[in-house]
Amino acid sequence: MKHLYYLLLAIILLPCHAANAQLITTSPTIVQRSSNPIVITFHADQGNKGLMGLTSSTPVYAHTGIIRKGSTKWEYAPQWLDNSAKYKLSYVSANTWQLTIPGINEYYGITNAVEVE
């Protein structure tokens, strides 16, 4: 009976664990303008799994930008298909890729020190 209880508990908790899986994670978890560095991890085995199974020989690029506080406009994003080296993700392991942003101002070329976040 004890084994059946643990099996049922595992069956109940397994979907809860799977629901916590995320396609993209960041370190730090909450990104702020002062965060240095920011590591963005892409988990290709989550979501629609469109990039799952790619190897380190296949380049993967990020398309990121900034949405400032009080705005809905996406700014400082590169043009589509801009495959500059700074947008290239690093292969970490099977289905895991990372992009490291040393600092938001430097990475996105924000030069106005008083610009609202």
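The protein chain averages a pLDDT of 80, and 78% of the residues score at least 70; pLDDT is the predictor's confidence in each residue, from 0 to 100. This is a predicted model, in which local features need pLDDT of at least 70 and side-chain atom pairs count only at pLDDT 80 or more, while totals for chains, interfaces and linings use all residues. Residues are numbered from 1 along each chain as its sequence is written, and side-chain values use heavy atoms, with hydrogens and water left out.

The secondary structure comprises two helices and six strands, in the order α-β-β-β-β-β-β-α from the N terminus. Helices (H or I, at least four residues) and strands (E, at least two) are DSSP runs, numbered from the N terminus. Of the 117 residues in the protein chain, 23% are buried, where buried means under 20% relative accessible area, exposed over 50%, and partly exposed in between (1.4 Å probe, protein chains only).

Thr64 lies in the loop between strand S2 (38-43) and strand S3 (66-67), and counts as buried because its relative accessibility is 15%. Beyond its neighbours within four places in sequence, Thr64 is in contact with Trp74, Tyr76, Ala77, Pro78, Leu99, Tyr107 and Tyr108. Trp80, by contrast, is placed in the loop between strand S4 (74-75) and strand S5 (90-93), and counts as exposed because its relative accessibility is 66%.

Terms used
Contact means heavy atoms within 4.5 Å.
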